[in-house]
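Student: I'd like to go through this model with you, piece by piece. Can you take my questions as they come?

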Amino acid sequence: MTEPGRVDAIVILDVAGRLTLEEGAATLREQVRQQLAAGERKILVDLSSCDYIDSAGLGELATTLIRLQNAGGRFALLGAKKRVRDLLRISQLLGVFEIFDDEAQAQAVMK
Amino acid sequence: MTTRTHTLRAARPDDAGQIADLFQLVYAESSHPCKSLEFVAQTLRRRHADVWHIGAQGDRITGCMGMLPHRWNRSWEFVRGVTHPEFRGSGLATELAQRAIDDAWASDDCDLIVGFPRSRTIYRIISEMVTPGMKLTGHDGGINIAGGRREYHLVAVSFAKQKRFARVVPDSSLATTIPFVKEAILDPLDLPRTSGVYPPALITGEYPHHPDYGPFTFHYHPFCPSDSLEITAYTGPKHDPVEIAADLVRTLDSFAYARHVRMAVLADKLPFQRALQSAGFAMTAYLPAWHLQNGIRYDCVLMTRRTSAEEPADHGTRDLIDYFNAGYATCLS
């Protein structure tokens, strides 16, 4: 994962490669924790460079969604590839996330 | 009020509104999905997937009882039982339960019936007032929320004598080595049994098979009030049960809002069960013949972990819950 970006009060977290128990899940959790502690309430996770999500990664995304909603914030996914969308679909989580295909659209909706 | 005034019939799509209203009335602040008109309407449209039986007086629905067939292990589950408060004690629930049981046993795809009674009254109905009566095997550790409070449900199973199937009990399993399971669960059920080797699977449940999905498949909805997570399979490459249990515990860290976790573990997988026990899980029910693979049935145990501090409501079943807790505590020691 790379350093968070911030555009118009929306924090963008890039997840590159894999979001799994061994790679990325704990990092995403910590980054979200830091952003919430800093007062941020709108987080967009960019999955356009993410190739694979395992059960821990799926759990981390679901937990982040709850965490943001509980904080009165907003959470969405950006650029999920077909393989990642398929995983969200078969785990019956696809419908619970807002998913955007391009960043400008996400920013317009989440603003 | 007697049951003679009720008509029993299959539910129709235009019953959805009254059914949802009935669940809203009885389960006001709960995780019950049938409070949703959309959910009820959807299930009523799914012919051959969900089976609803209705009690009615004229156009007014007075109660309902459903069966949910689980194709993956040929079990049917009692679901959606509710009686309008004005008609409780009328015998309606018993008639609906018997009708649901008869319907299940008449089907070609039902080897066993499972029920999760939430009160002593419902337990009495399905164990003593219908034929064949269901047998208790434990409790669920408190999955559901009703009236804003988590609550225990008992676990009950039923097998029909005319439904024969192959069931394997390995010599090393709990079923033959632990007196509590043998005496309290298996002897009263008198199920068919043969010796044999269990399959390598650790955990069983329903999940979509997909090469990318895993290593733990699951059922979880982030906004279900029950905050419950069911693990349905391990699909990863590891073989050491202690390592797999450790990975599971780390994976559960990612489901930080899951307050109740459950899984059906094959009965012979004692090292895995013990590793789960060390991670805070408890055995709360025995699930005879629950895993179905290549036409053969294998026993499982229900392992549950609850992280909410509040003790669930028991609706008059505390003695039964304590009985099973004490009995299963001897199984992994």
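Student: How far apart are the C-alpha centres of domain 1 and domain 2 of chain B?

Tutor: The C-alpha centres of domain 1 of chain B and domain 2 of chain B are 24 Å apart, where domain 1 covers 3-158 and domain 2 covers 166-329, with bounds that come from an automatic or database domain assignment. This is a predicted model, in which local features need pLDDT of at least 70 and side-chain atom pairs count only at pLDDT 80 or more, while totals for chains, interfaces and linings use all residues. Residues are numbered from 1 along each chain as its sequence is written, and chains are lettered from A and ligands numbered from 1 in the order in which they are written.

Student: How many residues does each domain of chain B give to the contact?

Tutor: Domain 1 of chain B contributes 28 residues and domain 2 of chain B contributes 35 residues, with two residues counted as in contact if their C-beta atoms, placed from the backbone, lie within 7 Å. On the side of domain 1 of chain B that touches domain 2 of chain B, the elements giving two or more residues are α4, β6 (135-139), β7 (144-146), β8 (149-151) and β9 of chain B; helices (H or I, at least four residues) and strands (E, at least two) are DSSP runs, numbered from the N terminus. The largest share of that side, 5 residues, comes from β6(B).

Student: Which residues of helix α4 of chain B are buried?

Tutor: In α4 (residues 120-128) of chain B, Ile122(B), Tyr123(B), Ile125(B) and Ile126(B) are buried, where buried means 20 or more other C-beta atoms within 10 Å of a residue's own, exposed means 12 or fewer, and partly exposed lies in between, with C-beta atoms placed from the backbone. These residues cover an arc of only 160° around the axis, which puts them on the same side of α4(B); the arc is that of the directions from the helix axis to the C-beta atoms. Their cover includes β4 (75-83), α3 (92-106), β5 (112-115) and β9 (154-158) of chain B.

Student: What does Val301(B) touch?

Tutor: Leaving aside neighbours within four places in sequence, Val301(B) is in contact with Leu174(B), Val265(B), Ala267(B), Gln273(B), Met283(B), Tyr286(B) and Leu287(B).

Student: New topic: which peptide bonds are cis?

Tutor: The bond from Thr131(B) to Pro132(B) is cis, with omega near -5°, and Pro132(B) sits in the loop between α4 and β6 of chain B. Another cis bond joins Gly214(B) and Pro215(B), with omega about 0°.

Student: What about phi of Asp227(B) and Asn294(B)?

Tutor: Phi is near 50° for Asp227(B), a positive value in a residue other than glycine, and phi of Asn294(B) is also near 50°. Most residues other than glycine have a negative phi.

Student: Is each one buried or exposed?

Tutor: Asp227(B) counts as buried because it has 23 C-beta neighbours inside 10 Å, whereas Asn294(B), with 6, counts as exposed.
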